[in-house]
Amino acid sequence: MHLTDHVTDMQLNEYLDNETTLAGRSEIELHLSTCEECAARLTALKSLFAEIESLPDLELTPNIAARFIPTRSLPAPQVSNWLTLTTTLQAALALIAMILATPIISRSLTPVLQAYPIPSLNAVLIDLQMNFVMWIQSIQSFQFPTIPTGIFTLQQEFSTGILFASLIGLFIIWIIGNWWLLRKRPNSLA
Ligand SMILES: [Zn+2]
């Protein structure tokens, strides 16, 4: 420890517990004699220790300690209950959002359905890839007047399919994530 460094709380704790080496003690004392800040922290720690020691010994008997054992297991169900509640609320909100979005999606999807006789998942994925490639290309060939029109045409041709696919994808990922989380949780706490 360098003289200019402040004494850490841990070092002060060890110092008060007489766990510091003799050389460490003299270094700490030297710093304390020159640093008001650390000296004040030592005083505060000392008074805290004194307060703890002044507490009745009864408080620390095994009976009291035994009372803490059940409370240690309490947070586990609380956490998982809270998690279940949050995920259930999330699921409900997502479901509502999906239901609300369905008419909009299906309405905007109609031209896509007409354009592609079989809107299979493959077709949507290919659209997604094509759009991504075109998007990358439009970024690479960045020019101020062309980029807005490029984005506009891309949106007209592909965005509805992409919106639908990414919504489904996100929903599936979200469901799997939550399922995994809720499935893992009790095991790790047990
Ligand atoms: Zn200091």
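User: Hi! Before we dig in, what counts as a helix here?
Analyst: Hello! A helix is a DSSP run of H or I with at least four residues, and helices are numbered from the N terminus. Bear in mind that this is a predicted model.

User: Is Asn18 buried or exposed?
Analyst: Asn18 is exposed, because 7 other C-beta atoms lie within 10 Å, and the cut-off for exposed is 12 or fewer.

User: What share of the whole protein is buried, then?
Analyst: Buried residues are 6% of the 190 residues.

User: Let's switch to packing. How do the axes of α1 and α3 cross?
Analyst: The axes of α1 and helix α3 (residues 36-54) come within 10 Å, crossing at roughly 55 degrees. That angle makes α1 oblique to α3. The crossing is right-handed.

User: Nice, which residues make the contact?
Analyst: From α1 you have Asp9, Leu12, Asn13 and Leu16, and from α3 Arg41, Leu42, Leu45, Lys46 and Phe49. They divide into five nonpolar, one polar and three charged residues.

User: Last one: what percentage of contacts with a separation of 6 or more comes from residues 24 or more positions apart?
Analyst: Such residues account for 70% of those contacts in the protein.

Notes:
Residues are numbered from 1 along each chain as its sequence is written. This is a predicted model: local features need pLDDT of at least 70, side-chain atom pairs count only at pLDDT 80 or more; totals for chains, interfaces and linings use all residues. A residue is buried if 20 or more other C-beta atoms lie within 10 Å of its own, exposed if 12 or fewer, and partly exposed in between; C-beta atoms are placed from the backbone. Two residues are in contact if their C-beta atoms, placed from the backbone, lie within 7 Å. Axes are lines fitted to C-alpha atoms, for helices over the stretch in contact, and angles run from 0 to 180 degrees between N-to-C directions. Helices (H or I, at least four residues) and strands (E, at least two) are DSSP runs, numbered from the N terminus. Angles under 35 degrees count as roughly parallel, over 145 as roughly antiparallel, 65 to 115 as roughly perpendicular and the rest as oblique. A crossing is left-handed if the near helix is turned anticlockwise from the far one by less than a right angle, and right-handed if clockwise. Ala, Val, Leu, Ile, Met, Phe, Trp, Tyr, Cys and Pro count as nonpolar, Asp, Glu, Lys and Arg as charged, and the others, Gly among them, as polar.
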